Amino acid sequence: PADIRKAYYKAWVFLAMNVLSSDPTNFPYPQIVTGKPSLWAEGHSDAPFSAAWESFIGMQLYAYIDPEVSWAAFSGLMSLVDDTGVLGGESLPSRKAQTALLLYRLTGDKDKLAQNYPALKRYMNWRLRYPMWVYKEVSLLSETQKDADFVVSALIDLQALDTIASILALPADQTMWTAKRQQFFNHYLSWFWEQPDAIPVQLYDTETKRRAAGHAIWVTSGLAIDVLTYPQLTGMMKLFNEQFDPGENFAGFPMPKYPEMAFTARGLLARGHRAQARQLMECGVRDIVRSGPIFAEQYVPGFPPYGDGVRPSIFGMAQLIDFVLLLGGKDYLSPVSLRTDRVK
């Protein structure tokens, strides 16, 4: 317990250390960067140290310390979304609408929500065309390659956009987002399940019809999609149960990045698999602490496990904070549970 407590507060300090002040000349917004000491710099050329995945997670958590800084950092990155919907730099799964909705719920600032909505709209319409990873070169985008990790994140952000359109009193847009989400969900089922009750995969090409298994935890993140039901849920739970082993590092899941671990845990909780969800989160906390703690992008099994990929990174920090809170019955994505218990 003492080691976990120490690591938990170290994680909050690490988050605060990753805030960059605004630069009036080059980028007049603060940034919550991927991880200062790692020197990751593959984002948009105007804000290269902000990854369009980790940094949005950082904004979400930092909003419990200083929501105005998080709003400013969010507005800064969204200001870089061009007319076609592209946010330059490494193309990563979307957490943008979810972040905007959380910031609104924490502050009630409808003006900032409305200010950022056009960029959110442009970006999401682009993301739905290209649910795939691209490293810096947008020219590598493919209309045929689909990645379940990207599709799941988009489906969750589409739900957030539906809610945002309702808050902003845009009924036509709300209807549009509802329809787009249903259509995209139908694609999700057809792309990643060969048969309705089959074990789903991570990668699919609509041209070649080839599927590839990918990483299990990047697929089981789909448990967080509220409309996912049987028979597809049968294969999803089979995949989880075949991989799940609390006696192994990170419960037996290779490449345990924070977003996929968190979506999987929340999906298990929502579906009543509370014991498995708790064990998955306890393994995450246990093994990050055992790693040093090192706050890394991902981890490699070992004795002890060790950080891999970008390190230090927002992801390892976020996994530790989020799971400690969830294990204590508090979900930072539901501000009501934390409003009277703001993290100090």
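Setting aside neighbours within four places in sequence, Asp-205 touches Thr-144, Gln-145 and Arg-210, where contact means heavy atoms within 4.5 Å. This is a predicted model, in which local features need pLDDT of at least 70, side-chain atom pairs count only at pLDDT 80 or more, and totals for chains, interfaces and linings use all residues. Residues are numbered from 1 along each chain as its sequence is written, and side-chain values use heavy atoms, with hydrogens and water left out.

Asp-205 is buried, at 15% relative accessible area; buried means under 20%, exposed over 50% and partly exposed in between, with a 1.4 Å probe and protein chains only. From Asp-205 to Asp-147 there are 58 residues in sequence, yet 8.9 Å in space, C-alpha to C-alpha.

As for its place in the fold, Asp-205 sits in strand β4. Helices (H or I, at least four residues) and strands (E, at least two) are DSSP runs, numbered from the N terminus. An open sheet is built from three strands in the order β3-β4-β5, with antiparallel pairing. Here β3 (145-147) and β5 (211-212) are the edge strands, each with a single partner, so one side of each has no neighbour in the sheet. Strands count as paired if DSSP finds at least two bridges between them, and β4 (residues 203-205) is joined to β5 by two bridges. Across from Tyr-204 stands Arg-211 in β5.

Now to the helices. Helix α3 (residues 67-78) packs on helix α5 (residues 110-129) at about 30°, with the axes 10 Å apart. Axes are lines fitted to C-alpha atoms, for helices over the stretch in contact, and angles run from 0 to 180 degrees between N-to-C directions. That makes α3 roughly parallel to α5 (under 35 degrees is roughly parallel, over 145 roughly antiparallel, 65 to 115 roughly perpendicular, and the rest oblique). The contact of α3 with α5 has six nonpolar, three polar and two charged residues; Ala, Val, Leu, Ile, Met, Phe, Trp, Tyr, Cys and Pro count as nonpolar, Asp, Glu, Lys and Arg as charged, and the others, Gly among them, as polar.

With helix α4 (residues 96-107), the axis of α3 comes within 11 Å and crosses at roughly 150°. That makes α3 roughly antiparallel to α4. On the α3 side, Pro-67, Glu-68, Ser-70, Trp-71, Phe-74 and Met-78 meet Lys-96, Thr-99, Ala-100, Leu-103, Tyr-104 and Thr-107 of α4. Seven nonpolar, three polar and two charged residues make up this contact of α3 with α4.
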